[in-house]
Amino acid sequence: MNKALEQTLEFAKTFKQHIGSLDELEPLKSRQLRVKLIFEELKEYAEASDVMQTFEWLCNNEVENNYSIDIDENLSYNPTFIDGDNVNKIEQLDALTDLTVVVDGSKISGGFHYISDTAMDLVYNNNMNKAHLTASHIAETAAILGIELEPVFNEGKWLAYNESGKLIKPHNHVKVKLSTLLDLNK
């Protein structure tokens, strides 16, 4: 268990917060509180980063459309944003640290703290597999997806980016299977 998660677990024990396990459902009030806290800290990060227009647009779009959006595509078509560069690095750090604590608290309350490091390893390894094998592999992915991709060779890996700069994983990339961690603990 990483240091931040260990510290948050100590806090949860000291202040008698819910500590969950994988074989139980976290109480509804606890889940609601966790979502509210994450949202609050995310909002503070958006404020500190001077991107409140983007934050508000994302929130409104989710509520109005009730579906996940492709942020890169939609942001590039919205010329009304007045986000700026009035960034407060101290407040960014504060919000990011608070987000870490709240997310780690959610792991603890949901019972995921026992498998969190292993889950991170699986996600990390899967993310590192988002590199393409060769430049021709990028061309194949572009053809299958029907989009133009910018190939970049970096750190011995072939990477592909779309026109808005988003990393595009290979067409044959396999999504990480975190369910295997939950199956092991039943």
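Start with the secondary structure: colour the chain by it and you'll find 8 helices and 2 strands, where helices (H or I, at least four residues) and strands (E, at least two) are DSSP runs numbered from the N terminus. Along the sequence, the pattern reads α-α-α-α-α-α-α-β-β-α. Keep in mind that this is a predicted model, where local features need pLDDT of at least 70, side-chain atom pairs count only at pLDDT 80 or more, and totals for chains, interfaces and linings use all residues. Residues are numbered from 1 along each chain as its sequence is written, and side-chain values use heavy atoms, with hydrogens and water left out.

The chain has 186 residues, and 26% of them count as buried; buried means under 20% relative accessible area, exposed over 50%, and partly exposed in between (1.4 Å probe, protein chains only).

Now select Asp-104, in helix H5 (residues 89–110). Buried or exposed? Asp-104 is buried, at a relative accessible area of 5%. Leaving out residues up to four places away in sequence, Asp-104 touches Asn-2, Ala-4, Leu-5 and Thr-8, a contact being heavy atoms within 4.5 Å.

Move on to Ile-138. Together with Ala-142, Leu-149, Ala-160 and Ile-168, Ile-138 makes up the largest nonpolar core, meaning a set of buried Ala, Val, Leu, Ile, Met, Phe, Trp, Tyr and Cys residues joined through side-chain atoms within 4.5 Å. Show the neighbours of Ile-138 and, not counting residues up to four places away in sequence, you'll see contacts that include His-132, Pro-151 and Trp-158.

Two loops come next. Most residues other than glycine have a negative phi. Click on Asp-50, in the loop between helix H2 (28–48) and helix H3 (52–65): its phi is positive, near 60°. Asp-50 counts as partly exposed, at 23% relative accessibility. Then jump to Glu-155, between strand E1 (150–154) and strand E2 (157–161). Glu-155 also isn't a glycine, and has a positive phi of about 50°; at 73% relative accessibility, Glu-155 counts as exposed.

Last stop: the second largest pocket. Select Lys-107, Phe-112, Ile-115, Ser-116, Ala-119, Met-120, Val-123, Leu-178, Ser-179, Leu-181 and Leu-182 to show its lining. Helix H6 (116–128) and helix H8 (179–184) are the elements that each give two or more residues to that lining. Which of the elements gives the most? H6 does, with 4 residues.

Key
1 Å grid on protein atoms, 1.4 Å probe; cavity = no way out; pocket = protein on both sides within 12 Å on 5 of 7 lines; lining within 4 Å.
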